[in-house]
Amino acid sequence: MLSYQNTYLDDLVDLPNTLDHMLEDLLGSQNFETLGLHSVEGVWPLPQSITSSPERYPLNPQAFYFTYGSQSAAQEGCSVLDEAFKRYFSLIFPDYSSGYGFLRFSVDKPFTVQVSVGRDDCDSYPDEDSSEQYTLSVSAGQASLKAETVWGALRGLETFSQLVYQEDFGSYYVNKTEIKDFPRFQFRGILLDTSRHYLPVQAILKTLDAMAFSKFNVFHWHIVDDPSFPYQSRTFPDLSAKGAFHPMTHIYTQSDVGRVISFARMRGIRVLPEFDSPGHTQSWGKGQSDLLTPCYSGSSPSGTFGPVNPILPSTYKFMATLFKEVSSVFPDSYIHLGGDEVNFSCWKSNPDVRAFMLKMGFGADFTKLEAYYMENIVNITVALNRTSIVWQDVFDYHERIPKDTVLHIWKGLPASYAAELSAITKAGYRVLLAAPWYINHISYGQDWRNYYTVQPLNFSGTEEQKKLVIGGEVCMWGEYVDATNLTPRLWPRASAAAERLWSDEKQTSDVDKAFPRLQDFRCELLRYFSFSDNAHGI
């Protein structure tokens with residue numbers, strides 16, 4: 001049996017037992033309610049099926065245990081669950097963990113959370129096919145959590161932690177509850193932009209913790225862009241040495257990247273790297289000569305550079321080598337290749353590019369040149385046995401890409417992105433929706449309501465088309481966001497999208513009914529963030 005608890009002040013914890021029983025006898029349960037004993041408003045995101053009862057059970061940190069079921073495929077030594085048991089014990093009993101437990105009212109009876117999984121995937125990484133389904137049954141003295149995978153068990157542990165509440169005198173309780181749960185969409189992502197403002201590793205880890213609290217499962221790391229190239233490449237060290245804001249302090253070393261990936265894995269979160277090209281690459285050119293296209297003013301070079309030069313064989317040799325490294329560093333089967341917002345003016349100004357266009361029969365249609373480039377880059381990732389994600393521009397320019405490529409919608413208001421959803425799925429491609437969740441845009445008031453009322457499948461198409469919508473993503477671009485304001489900008493606003501992507505749409509269609517639960521969850525987040533800051537030295 002595994003027990004994770006702090007033994008500080010052990011000699012004093014018997015005192016609250018007596019006080020607890022005395023208060024119950026003197027006041028009765030009804031009066032005891034008025035002193036602050038209550039149940040939680042509800043789990044966020046809302047489970048697919050949840051039934052709770054007023055019947056409640058006291059929890060004593062000194063008699064609380066996480067265990068593995070006898071039939072569980074994973075047992076003690078499973079790194080993902082062993083670490084999760086320690087983490088959630090501290091989250092459930094924050095006062096006890098910090099040594100303030102002696103004022104609480106406790107009980108003598110033990111409470112056991114028994115976890116059983118059908119598959120031992122403790123040493124693997126979560127992937128696009130990982131099941132996150134779980135069932136949770138809470139009754140007197142025990143909770144039974146069953147899942148097919150350790151990733152589903154993690155989601156169930158998060159739910160259980162949200163069911164536990166504390167009354168005014170410090171005692172912990174959980175109500176009798178039955179839950180059957182699974183996500184509505186398989187891909188539920190958060191994008192962070194670490195190029196426009198460098199984000200310290202600790203800020204990324206804190207975001208990963210918060211993602212787990214809201215059951216997000218993909219960290220989309222937009223790691224490089226025009227302003228800076230903070231990724232420290234083993235193969236091309238000059239990319240960060242010359243392209244980062246600072247070559248020593250504002251980079252992500254191979255060790256940093258490994259730490260982020262490992263931290264995410266322990267929370268059932270995939271890490272999806274994005275190396276966007278051919279646009280958004282100004283920082284790349286500082287450390288890699290001849291990669292960017294020289295721009296011309298009339299018949300002479302202007303001294304400025306545009307997108308990646310698509311006409312040189314050396315470009316594709318460089319990209320193949322870089323992506324080979326990236327695929328060895330990042331274990332996920334997906335790589336995001338970008339492909340958005342390519343400014344054609346520099347290509348148009350360059351006589352060599354124009355000559356190449358004529359040779360290839362592209363005429364003056366520069367979308368065909370971008371298509372030529374992106375098709376080559378996608379083929380590189382195919383050779384590396386990776387699935388490509390690209391922004392919607394690649395589809396809009398009618399580029400020939402493999403059918404397993406995922407298109408990422410980022411443009412437009414509902415009518416516009418609904419039309420794009422319809423067109424992309426009609427063509428047989430899988431799609432991710434990000435357009436309504438550009439959360440770096442802020443407005444006065446409760447804009448979370450706008451994120452909450454998004455209907456990802458509200459577009460013209462067959463049921464088969466709608467199955468091709470694999471999920472969505474909250475994007476936090478970094479023009480005006482750094483480590484000082486990332487957390488309050490992102491949370492709890494992103495949690496609105498989390499519920500939309502996890503929960504049943506019909507059960508969560510009422511914003512006003514959701515508000516009390518989100519208020520309650522915000523308080524949980526504040527407590528979680530305090531734990532995260534202490535745990536990771538932030």
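Visitor: When do rings pair here, and what kinds of pair are there?
Guide: Rings of Phe, Tyr and Trp (its six-membered ring) pair if their centres lie within 6.5 Å; planes under 30 degrees apart count as stacked, over 60 as edge-to-face and the rest as tilted. The model is predicted.

Visitor: How many aromatic pairs does that give?
Guide: The count comes to 39 aromatic pairs. One of them is stacked: the ring centres of Tyr198 and Tyr252 are 4.7 Å apart, and the planes stand at 25°, which is under the 30 degrees required.

Visitor: Which parts does that pair tie together?
Guide: Tyr198 is in the loop between strand 8 (187-193) and helix 5 (201-213), while Tyr252 is in the loop between helix 6 (238-243) and helix 7 (254-265); the pair therefore joins parts 54 residues apart in sequence.

Visitor: Is Tyr198 buried or exposed?
Guide: Tyr198 counts as buried, at 15% relative accessibility. Tyr252 is also buried, at 0%.

Visitor: And what about Tyr316 and Tyr372?
Guide: Their ring centres are 6.3 Å apart and their planes are at 90°, so this pair is edge-to-face. It links helix 9 (residues 313-329), which holds Tyr316, to helix 12 (residues 366-383), which holds Tyr372. Tyr316 is buried at 13%, whereas Tyr372 is partly exposed at 23%.

Visitor: Which residues do ring pairs link into a cluster?
Guide: Among them are Tyr198, Tyr252, Trp221, Trp284 and Phe330.

Visitor: Changing topic, which charged end sits over the ring of Trp502?
Guide: That of Lys215, 5.8 Å from the ring centre. Arg500, in turn, lies over the face of Tyr452, 4.7 Å from the ring centre.

Notes: Residues numbered from 1 in each chain as written. Predicted model: local features only at pLDDT ≥ 70, side-chain atom pairs only at ≥ 80, totals over all residues. Heavy atoms only, no water. Helix = DSSP H or I, 4+ residues; strand = E, 2+ residues; numbered from the N terminus. Buried < 20%, exposed > 50% of the residue type's maximum accessible area, 1.4 Å probe, protein only. Lys NZ or Arg CZ within 6 Å of the ring centre and 35° of its normal.
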